[in-house]
Every structure is written in C-alpha cells, then in structure tokens.
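Subject: Structure handover

Hello,

My notes on what turned up in it follow below.

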Amino acid sequence: MNSYNKGKIAEFMARMYMRLHGYRIIDTNYITGRGSTAGEIDFIAKRWNTIVFVEVKQRESLNNAAYAILPHQQERILRGARSYLQHHPQYRHCQMRFDAILIAFPWQIRHISNAWHI
C-alpha cells in the first residue's frame with residue numbers, strides 16, 4: 001500500500017474514532033491559501049461548544065507520528081482555522097482546540113487533545 005492510501009485510511013480511522021467519542025465531523029480536508037502558505041486541516045469536528053481542528057499523522061510508530069507535527073505545520077493549521085471561522089461565522093462563539101490523532105498500523109491510535117496552543 002502506498003503512502004497516499006495509508007494516509008487516507010488513517011484519516012478515515014481518525015474520523016471514526018472521533019465519532020465514536022461523541023464528536024460530529026463538520027468538514028474534511030479544508031484547504032486555505034495557495035503555494036507555500038497553503039494550509040490543510042485534515043478534518044474539523046465539534047462537540048458541545050468546542051470546535052476541534054484535527055491533524056492526523058500516520059507513521060510506523062506513534063512516537064514518530066508525534067514528532068512529525070512540526071511548528072510550521074501547526075502555524076499553517078492555525079491560519080486555516082482562522083480562515084475557517086471567518087467563512088463559517090456560526091462557529092465563532094465556540095471554543096477552539098487543536099488536536100492530533102496519531103496512527104501506527106495496523107491498529108494503534110492515540111488522540112492528543114490540545115496538542116498545541118495558539
């Protein structure tokens with residue numbers, strides 16, 4: 001299986017994990033900007049009054065996946081989150097959080113709530 005397919009399967013697993021834990025998926029693969037400043041948010045979920053911007057990382061181990069979320073990626077996701085809220089004013093009243101879901105095949109999943117702060 002190539003890395004693109006592994007990534008898509010990991011994102012699907014992450015969304016199902018969040019749904020099983022009471023989150024509603026409100027958007028997937030949200031892209032903002034162009035070129036080197038472009039950002040993609042793997043998916044956006046909501047639970048109660050919290051909107052969660054989720055980064056999914058799949059690697060051969062959970063530790064490698066955790067280290068793969070670099071500061072410049074966090075900044076791009078933050079810019080994407082601000083853009084999303086600007087275009088979806090119905091969520092502006094919500095608390096905002098950035099989570100990471102780490103996946104190592106075949107079935108290891110780790111959810112890190114508040115993986116980084118703004």
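**The loop at Trp-48**

Trp-48 sits in the loop that lies between strand 2 and strand 3. Helices (H or I, at least four residues) and strands (E, at least two) are DSSP runs, numbered from the N terminus. Phi of Trp-48 is near 55 degrees, which is positive in a residue other than glycine. Trp-48 counts as exposed because its relative accessibility is 69%. The classes are these: buried is under 20% relative accessible area, exposed is over 50%, and partly exposed is in between (1.4 Å probe, protein chains only).

**Ground rules**

This is a predicted model, with local features needing pLDDT of at least 70, side-chain atom pairs counted only at pLDDT 80 or more, and totals for chains, interfaces and linings using all residues. Residues are numbered from 1 along each chain as its sequence is written, and side-chain values use heavy atoms, with hydrogens and water left out.

**Overall layout**

The protein chain has 3 helices and 5 strands. From the N terminus on, the order is α-β-β-β-α-α-β-β. The radius of gyration is 14 Å, close to the 13 Å that the globule rule gives for 118 residues, so the chain is as compact as a globular protein of that length. That radius is taken over C-alpha atoms, and the rule is 2.2 Å times the number of residues to the power 0.38. The C-alpha trace spans about 40 × 35 × 25 Å along its principal axes. Of the 118 residues, 41% count as buried. Take the contacts (heavy atoms within 4.5 Å) with a separation of 6 or more: residues 24 or more positions apart account for 55% of them.

The 5 strands make an open sheet, ordered 1-2-3-4-5, with mixed pairing. Its edge strands are strand 1 (24-32) and strand 5 (108-112), each pairing on one side only. From one strand to the next, the twist averages 25 degrees. Two strands pair if DSSP finds at least two bridges between them.

Strand 2 and strand 3 (residues 50-58) pair antiparallel over 5 bridges. There, Phe-43 stands opposite Val-54 of strand 3. Strand 4 and strand 5 also run antiparallel, joined by 5 bridges. Leu-102 has Arg-110 in strand 5 as its bridge partner. A hairpin of 3 residues connects strand 4 to strand 5.

**Helix 1**

Helix 1 (residues 3-20) has 18 residues and reaches 25 Å from first C-alpha to last, close to the expected 26 Å. The expected span is 1.5 Å times one less than the number of residues. Its buried residues are Ala-10, Glu-11, Met-13, Ala-14, Arg-15 and Met-18. They pack against strand 1, strand 2, strand 3, strand 4 and strand 5. Gly-7, also in helix 1, counts as partly exposed because its relative accessibility is 22%. Just after the helix, Gly-22 takes a positive phi of about 90 degrees.

**Two aspartates**

Asp-42 is in strand 2 (residues 39-47). It counts as buried because its relative accessibility is 6%. A polar atom of the Asp-42 side chain lies 2.7 Å from the backbone nitrogen of Val-56. Neighbours within four places in sequence aside, Asp-42 is in contact with residues including Glu-11, Thr-28 and Asn-29.

Asp-99 is in strand 4 (residues 95-104). It counts as buried because its relative accessible area is 0%. Its side chain makes a polar contact of 2.8 Å with that of Arg-97. A polar contact is a pair of N or O atoms within 3.5 Å; within protein, one must be able to donate a hydrogen and the other to accept it, and residues adjacent in sequence count only if both atoms are side-chain atoms. Not counting residues up to four places away in sequence, Asp-99 touches several others, among them Met-18, His-111 and Trp-116.

**Backbone points to check**

Most residues other than glycine have a negative phi, and most peptide bonds are trans. Asn-29, in strand 1, has a positive phi near 45 degrees. Asn-29 counts as partly exposed because its relative accessibility is 25%. A cis peptide bond joins Phe-105 and Pro-106, with omega about 15 degrees. Pro-106 is in the loop between strand 4 and strand 5.

Best wishes

Conventions: Axes are lines fitted to C-alpha atoms, for helices over the stretch in contact, and angles run from 0 to 180 degrees between N-to-C directions.
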